[in-house]
Amino acid sequence: MDHQPKFFENLSGTGKAIGVLTSGGDAQGMNAAVRAVVRMGIYVKAKVYFVYEGYQGMVDGGDNIVEVSWESVSSILQVGGTVIGSARCKSFRTREGRLQAAYNLVQRGITNLCVIGGDGSLTGANLFREEWSGLLEELAQKGKIDEEAVKKYAYLNIVGMVGSIDNDFCGTDMTIGTDSALHRIIEVVDAIMTTAQSHQRTFVLEVMGRHCGYLALVSALACGADWVFIPEYPPEEGWEDSMCVKLSENRARKKRLNIIIVAEGAIDCHNKPITSEKVKDLVVQRLGFDTRVTILGHVQRGGTPSAFDRILASRMGVEAVLALLEATPATPACVVSLSGNQAVRLPLMECVQMTQEVQKAMDEGRFVEAVRLRGRSFENNLNTYKLLSQKKPDAELPKTNFNVAVLNVGAPAAGMNAAVRAAVRVGITEGHKMFAVIDGFEGFARGKIKEISWGDVGGWTGQGGSILGTKRTLPAKYLEKIADQMRTNSINALMVIGGFEAYESCLQLHEARSRFEEFCVPICVLPATISNNVPGTDFSIGADTALNAIVETCDRIKQSASGTKRRVFIIETMGGYCGYLANMGALAAGADAAYIFEEQFDIRELQANVEHLTEKMKTSIQRGLVLRNENCNENYTTDFIYQLYSEEGKGVFDCRKNVLGHMQQGGAPSPFDRNFGTKISAKAMQWISKKLKETYRKGKVFANTDDSVCLLGMRRRNLVFQPVAELKNETDFVHRIPKEQWWLKLRPLMKILAKYKTSYDVSDSGQLEHVAMHSPKEAETGAI
């Protein structure tokens with residue numbers, strides 16, 4: 001990217017009025033989006049209005065359309081649902097209703113609308129935009145507005161954000177609310193598992209998703225369910241028999257519980273509904289298992305938004321305001337959405353049409369097509385689930401005679417176990433013998449290595465920490481012993497799951513190849529660390545869980561502060577020298593400042609932050625939150641900052657400090673980490689199989705090229721295998737961080753939302769793209 005950065009200071013909202021509304025079903029994270037739209041709008045000097053109760057409020061006008069201030073959106077970031085209300089609106093479907101809505105908007109000079117809702121709400125917005133000039137002319141003819149107003153407010157600009165827990169909108173990888181809904185489902189599944197285990201029960205869980213099986217599919221992937229029913233992929237004829245066979249086989253393998261997940265819209269191949277009761281009756285009649293049904297219902301919509309949804313919604317909200325500022329009468333209504341880790345803008349109607357195509361394909365029984373239309377992320381989830389859920393009979397498995405070892409290195413990170421499980425199961429499916437190494441390279445040197453089977457990793461996805469055990473020891477001091485072990489156990493490939501140490505370890509093995517031929521085998525690193533400091537990837541397994549732990553704690557701390565008033569909290573996060581947790585935690589918790597190593601700061605900046613907080617205490621928001629990365633500065637310690645704030649804030653606010661410590665490493669993995677760990681691990685194992693075939697010569701594996709030691713990372717929109725030797729140049733080894741980090745671009749976002757003047761590089765945004773129909777080939781190469 002050699003282009004000149006483009007900064008949004010040149011975009012002014014002066015004289016513009018933006019209306020923001022939430023419509024359709026509510027979703028967690030909508031408030032974060034509303035907050036970002038309001039604050040970004042005010043920041044660029046536009047007027048911002050709340051439209052209460054969705055389109056109903058727009059039609060009714062009056063007190064339903066109100067200009068808002070910066071403080072209006074304080075303390076809503078952590079609240080689920082939508083504080084400005086949402087309602088189904090019949091009158092907006094009539095032309096009279098839309099005429100009234102247009103009149104109400106013109107009265108306030110609003111010609112920019114930001115609509116947060118599902119595809120129905122966005123289609124309605126688009127129709128309104130197309131009719132706009134006609135509606136204004138009709139109002140003028142009726143004498144309700146003058147010709148001057150018709151000219152002045154000639155165009156209506158619309159930007160949509162998709163708020164829907166079902167993730168049923170084509171063109172975006174994740175809709176606002178989906179991740180939080182998965183959190184609710186997984187919390188319930190984890191709780192049910194313990195009771196089911198005690199009584200040897202089968203549980204049938206019904207989750208939301210009338211027309212879309214995303215929630216059912218991903219939660220099945222995240223908890224290792226025995227069977228899943230979704231509308232896009234009905235089971236084959238005779239599924240009743242195969243399901244019962246699988247359940248009884250699992251019981252025979254000493255598995256004490258079965259989990260079956262049913263999407264509320266599940267159907268069979270004749271388009272007949274499959275209900276949770278039907279599934280339960282079948283299991284009871286055929287197998288006589290003690291079976292219970294749990295219908296999750298509206299629990300999935302409730303609760304506080306996850307860290308992922310808050311960051312997603314905040315990024316989308318800011319992007320939506322930029323899109324409105326840049327819109328011209330010629331630009332079509334667009335949706336801001338997420339592709340991989342990239343915010344993109346897509347034409348609203350293209351997305352809506354594609355979403356409707358999926359439904360049409362399902363109605364006509366073209367299910368393979370329906371899955372393809374859902375997008376590459378959905379397709380990947382389905383393929384991974386099919387790969388991991390059912391073991392083929394031994395007779396059907398290929399035999400490769402390759403031995404593959406899996407180990408964890410570095411500090412524990414939530415999601416490591418899900419990655420090990422996926423690696424073992426995919427490896428067995430590919431025909432390899434899988435070995436588990438206990439306690440990292442230290443254990444490897446001591447010969448702590450054993451074969452591991454399909455059943456051994458059952459129930460691992462939901463476990464935090466590292467079941468295999470992990471050590472920070474690097475292989476350099478044990479090279480000879482490790483080479484011996486590899487020779488003794490005939491290990492033909494290695495999968496190393498861990499943080500910066502795992503990456504460094506594989507570099508050492510790569511460099512030792514000239515001395516030890518045993519290391520001339522395919523080696524793959526999977527990044528797993530809460531710090532997210534591994535080069536070559538935007539995300540690491542475990543970082544999302546840690547971020548949620550930080551955000552949850554910050555929410556509680558903020559709540560305690562709102563009771564005492566005029567209090568500032570200084571919170572120290574982990575991460576080594578990498579500021580990811582502090583920065584993203586600050587964005588998701590709505591903090592006032594985040595001190596990180598990557599952005600040097602001095603006493604003047606600390607002083608400015610204190611003054612900023614002093615000003616804030618004069619408003620109605622009388623609390624402050626400051627995050628500090630543990631290694632951001634050796635002299636400005638958490639104690640120093642706490643003492644400085646306490647002294648400077650005397651008489652205005654008092655201070656408290658909190659060091660979050662190891663709670664950030666613990667806990668059950670979040671749905672994102674389970675899913676991410678499972679998918680990248682499955683992909684890495686397929687890469688290992690491919691490399692083994694390529695490097696097998698004269699009865700042995702010999703891989704000595706750079707591209708046979710790779711790290712699998714997510715880069716912007718794709719999963720990519722990168723040789724560790726090439727990543728060396730991108731690494732700052734002294735501070736154990738990548739030289740360039742994508743999330744630093746989001747830093748100004750946090751400052752803007754906390755009312756600081758800053759400059760924000762918008763070079764990456766702004767181009768309207770088209771909804772890409774991907775080819776089946778693409779599903780293999782990239783997406784998460």
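In which loop is the place of asparagine 271? Hold that question for a later stop; the tour begins with the whole chain.

**The whole protein**

Show everything first. This is a predicted model, with an average pLDDT of 92 for the protein. A score of at least 70 is reached by 96% of the residues. In cartoon view, the protein has 25 helices and 27 strands. Its radius of gyration is 27 Å, close to the 28 Å that the globule rule gives for 784 residues, so the protein is as compact as a globular protein of that length. Of the 784 residues, 61% count as buried. Taking the contacts between residues at least 6 apart in sequence, 80% join residues at least 24 apart.

Colour by pLDDT and select residues 1–5. The pLDDT stays under 50 there, and the model has 6 contacts for these residues beyond four places in sequence. Next select residues 774–783, where the pLDDT is also below 50. This second stretch has 20 contacts in the model beyond near neighbours in sequence. Where pLDDT is low, predicted coordinates should not be read in detail.

**Helices α7 and α22**

Select residues 214–223, helix α7, together with residues 671–695, helix α22. Their axes lie 9 Å apart and the helices pack at an angle of about 75 degrees. That angle makes α7 roughly perpendicular to α22. Now show side chains: Val218, Leu221 and Ala222 of α7 make the contact with Arg674, Asn675, Thr678 and Lys679 of α22. By class, this contact has 3 nonpolar, 2 polar and 2 charged residues.

**Helices α10 and α19**

Move on to helix α10, residues 307–326, and helix α19, residues 580–589. The two axes come within 8 Å and cross at roughly 80 degrees. The helices α10 and α19 are therefore roughly perpendicular to each other. Which residues of α10 meet α19? On the α10 side they are Ala307, Arg310 and Ile311. Facing them in α19 are Met584, Leu587, Ala588 and Ala589. The residues of this contact divide into 6 nonpolar, no polar and 1 charged.

Return to the opening question and select asparagine 271. Asparagine 271 is in the loop between β8 (258–263) and α9 (276–287). Its phi is positive, about 65 degrees, although the residue is not a glycine. Most residues other than glycine have a negative phi. Is asparagine 271 buried or partly exposed? At 35% relative accessibility, asparagine 271 counts as partly exposed.

Select serine 75 next, in the loop between β3 (65–67) and α3 (95–107). The phi of serine 75 is near 65 degrees, a positive value in a residue other than glycine. Serine 75 is partly exposed, with a relative accessible area of 35%.

The last stop is threonine 637, in the loop between β20 (623–629) and α21 (638–648). Threonine 637 counts as partly exposed at 29% relative accessibility.

How values were computed. Residues numbered from 1 in each chain as written. Heavy atoms only, no water. Axes fitted to C-alpha atoms, helices over the stretch in contact; angles between N-to-C directions. Helix = DSSP H or I, 4+ residues; strand = E, 2+ residues; numbered from the N terminus. Parallel < 35°, antiparallel > 145°, perpendicular 65-115°, else oblique. Contact = heavy atoms within 4.5 Å. Nonpolar A, V, L, I, M, F, W, Y, C, P; charged D, E, K, R; others polar. pLDDT = per-residue confidence, 0-100. Buried < 20%, exposed > 50% of the residue type's maximum accessible area, 1.4 Å probe, protein only. Rg over C-alpha atoms; globule rule 2.2 N^0.38 Å.
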